[in-house]
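This report describes one protein chain, from its overall layout to single residues. Please keep the sequence and the model at hand while reading.

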Amino acid sequence: MAGEKKLLNIRLHVYDMVIPAKVEAENEPFYRNAAKLITDTVNSYSDAYKKTKSDKEILYMAMIDIALQFELLKQNKDTEPYDNILKKITTEIEEALDKK
């Protein structure tokens, strides 16, 4: 049927766990990349802190790392200040043209 999204049943390997998920076909690569990012990040923290931190602390450290990356990207993609400047310039240009 038109408009329906194809769903896939996949198994994501995340760190030391396999997680079943039902995802839209076009999003599958993103889910797999996300699982790999989590696994790689947890492995990095585990290698660095396994002897001094609990598994739970290592997982939280990895989550903070990934969330920080997300927040930094989100901030860099914020176009509101540029949109405001463009609106102001557009208004000024239109006002100047109306005066002629």
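Helices (H or I, at least four residues) and strands (E, at least two) are DSSP runs, numbered from the N terminus. The protein has 3 helices and 2 strands, and along the sequence they follow the pattern β-β-α-α-α. The model is predicted: local features need pLDDT of at least 70, side-chain atom pairs count only at pLDDT 80 or more, and totals for chains, interfaces and linings use all residues. Residues are numbered from 1 along each chain as its sequence is written, and side-chain values use heavy atoms, with hydrogens and water left out.

**Overall form**

The C-alpha trace spans about 75 × 50 × 15 Å along its principal axes. The radius of gyration, taken over C-alpha atoms, is 23 Å, while a compact globule of 100 residues would have one near 13 Å. That globule rule is 2.2 Å times the number of residues to the power 0.38.

A residue is buried under 20% relative accessible area, exposed over 50% and partly exposed in between (1.4 Å probe, protein chains only). Of the 100 residues in the protein, 11% are buried. Contact means heavy atoms within 4.5 Å. Among contacts with a separation of 6 or more, 19% join residues 24 or more positions apart.

**The nonpolar core**

A nonpolar core is a set of buried Ala, Val, Leu, Ile, Met, Phe, Trp, Tyr and Cys residues joined through side-chain atoms within 4.5 Å. Which residues form the largest nonpolar core? Its 5 residues are Ile10, Leu12, Val14, Val23 and Ala35. Strand E1 (residues 7-14) gives the most to this core, with 3 residues. Ala35 is in contact with Leu12, His13 and Val14, leaving aside its neighbours within four places in sequence.

Not counting residues up to four places away in sequence, Ser46 touches Tyr15 and Ile58. Asn76 and Ala34 are 42 residues apart along the chain, and their C-alpha atoms are separated by 20 Å.
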